[in-house]
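Welcome, and please open the model in your viewer. We will take it one selection at a time, and each stop says what to pick and what is there.

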2 protein chains.
Amino acid sequence: MTVDPEPFTRLSREVLVANQWHRYCRDRYVLADRTEGEYFYVDMPGSVTVIPRFADGSTALCRVHRYLLGADFWEFPTGGVQPDQDPLDIAKLELREEAGLTAAQWRPVGRFAPYKGVANEVCRVFAAEDLQQVEQDLEPSEAITVHRMGWAEAKQTLIHQPVADGHSLAALQLYDAGAGQA
Amino acid sequence: MTVDPEPFTRLSREVLVANQWHRYCRDRYVLADRTEGEYFYVDMPGSVTVIPRFADGSTALCRVHRYLLGADFWEFPTGGVQPDQDPLDIAKLELREEAGLTAAQWRPVGRFAPYKGVANEVCRVFAAEDLQQVEQDLEPSEAITVHRMGWAEAKQTLIHQPVADGHSLAALQLYDAGAGQA
């Protein structure tokens, strides 16, 4: 993926805080000019974002309360992937639990790094088709409602929020550009 | 922005690690059902992403080495904003330092939360027009080259990377949808 020589050489890695969601770490590095530095970051291996499409072209958006922003967001279903988990399995799980949907057809759409300066997370995007409605299955801390709407309306809803959800916008951009690899 | 009652009530906030870029914090909260929980997150008030457009419609992308992903990314110029800084001032600074460009025309394009589950950051997107080339002014830890290219080529370049940059894709989505507020 890169042809340039690696400009950073890692000297050490330290996990400062570990919790059930991610690890917060500090690396020490040295540059080619011998400058040494520190890098503080979230070690969060992966995530998935799912774009559901019904046979009539409509989709389902989640309305999710985001504690850190103190507000409700319109989003595609999303979730974190741990190193020992398969991204597609988690995509299926999140679609069922958060959106109350199962899909017979899954298609990889692309990958992006949502927060490349502070987290090593790579988000994999999947399109889910041939959908069936089932029951939502939320955690107590999840306040999520599901809203089926036409595709054009969903795009407008995702874009024209006071603050949009970066994962959903990036996923939409990859989706509209045609199928890729997740 | 929300009409629902706040589902989380904060009990405490603790800064676990502070550095020059952000703070890593732990909040304790209680839910309406009296469940208590912890939330670990990056306190990073803001950022900016700049979309430069030359008079001929072309743009400039940065090729940036991202330490956490171990790879080079195609990106629009971007940078962090501290609480006492004006986002537009930082947008001007980043465009000049990273891309070696100044702009006579600035337009707010929209806002998004790049990492809503783990960081409270809101990224403001600006379009920069009426451009002049100046000198890049990089930090020793920044390995950035600038590449002017046509708009359609730039979009393809941003989208069809092995791993795309989430900030750039989200900014592009907001930009293509028409002007908004930053």
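**Stop 1: a charged pair between the chains.** Select Lys116(B) and Asp165(A), whose side chains meet in a salt bridge with 2.8 Å from N to O. Keep in mind that you are looking at a predicted model. Side chains of opposite charge can pair when their charged atoms come close. How many salt bridges does the rule find across the interface of chain B and chain A? There are 3 across that interface.

**Stop 2: the whole interface.** Now show chain A and chain B together. On the chain B side, 65 residues are in contact with 65 residues of chain A. The size of an interface is often given as the accessible area lost when the parts come together. Between chain B and chain A, about 6,100 Å² is buried, and carbon and sulfur atoms give 68% of that area.

Stop 3: Which residues meet here, in H3(A) and in H3(B)? From H3(A) come Gly166(A), Leu169(A), Ala170(A), Leu172(A), Gln173(A) and Leu174(A); they meet Gly166(B), Leu169(B), Ala170(B), Leu172(B), Gln173(B) and Leu174(B) in H3(B). Coloured by class, the residues of this contact divide into 8 nonpolar, 4 polar and no charged.

Stop 4: The C-alpha atoms of chain A fill a box of roughly 60 × 40 × 35 Å along the principal axes. Switch to a cartoon view to find 3 helices and 11 strands in chain A.

**Stop 5: two helices within chain A.** Select H2(A), residues 151–159, together with H3(A), residues 166–176. The axes of H2(A) and H3(A) come within 10 Å and cross at roughly 140 degrees. H2(A) and H3(A) are therefore oblique to each other, and H2(A) passes H3(A) in a left-handed crossing. Show side chains to see Trp151(A), Lys155(A), Leu158(A) and Ile159(A) of H2(A) meet residues of H3(A), including Leu169(A), Leu172(A) and Tyr175(A). By class, this contact of H2(A) with H3(A) has 6 nonpolar, 1 polar and 2 charged residues.

**Stop 6: the helix pair in chain B.** Bring chain B back and select H2(B) and H3(B). Here the helices pack at about 140 degrees, with axes 10 Å apart, and H2(B) passes H3(B) in a left-handed crossing. Among the residues that meet are Trp151(B) and Lys155(B) in H2(B), with Ser168(B) and Asp176(B) in H3(B).

Stop 7: To finish, select Arg26(A) and Glu14(A). They form a salt bridge, with the closest N and O atoms 2.9 Å apart. Where in chain A do Arg26(A) and Glu14(A) lie? Arg26(A) is in strand E2 (residues 23–31) and Glu14(A) in strand E1 (residues 8–18), 12 residues apart. Over all chains, the structure holds 23 salt bridges.

Key:
Residues are numbered from 1 along each chain as its sequence is written. Chains are lettered from A and ligands numbered from 1 in the order in which they are written. This is a predicted model: local features need pLDDT of at least 70, side-chain atom pairs count only at pLDDT 80 or more; totals for chains, interfaces and linings use all residues. Side-chain values use heavy atoms; hydrogens and water are left out. Axes are lines fitted to C-alpha atoms, for helices over the stretch in contact, and angles run from 0 to 180 degrees between N-to-C directions. Helices (H or I, at least four residues) and strands (E, at least two) are DSSP runs, numbered from the N terminus. A crossing is left-handed if the near helix is turned anticlockwise from the far one by less than a right angle, and right-handed if clockwise. Contact means heavy atoms within 4.5 Å. Buried area is the accessible area (1.4 Å probe) that two parts lose on being put together, summed over both. A salt bridge is a side-chain nitrogen of Lys or Arg within 4 Å of a carboxyl oxygen of Asp or Glu. Angles under 35 degrees count as roughly parallel, over 145 as roughly antiparallel, 65 to 115 as roughly perpendicular and the rest as oblique. Ala, Val, Leu, Ile, Met, Phe, Trp, Tyr, Cys and Pro count as nonpolar, Asp, Glu, Lys and Arg as charged, and the others, Gly among them, as polar.
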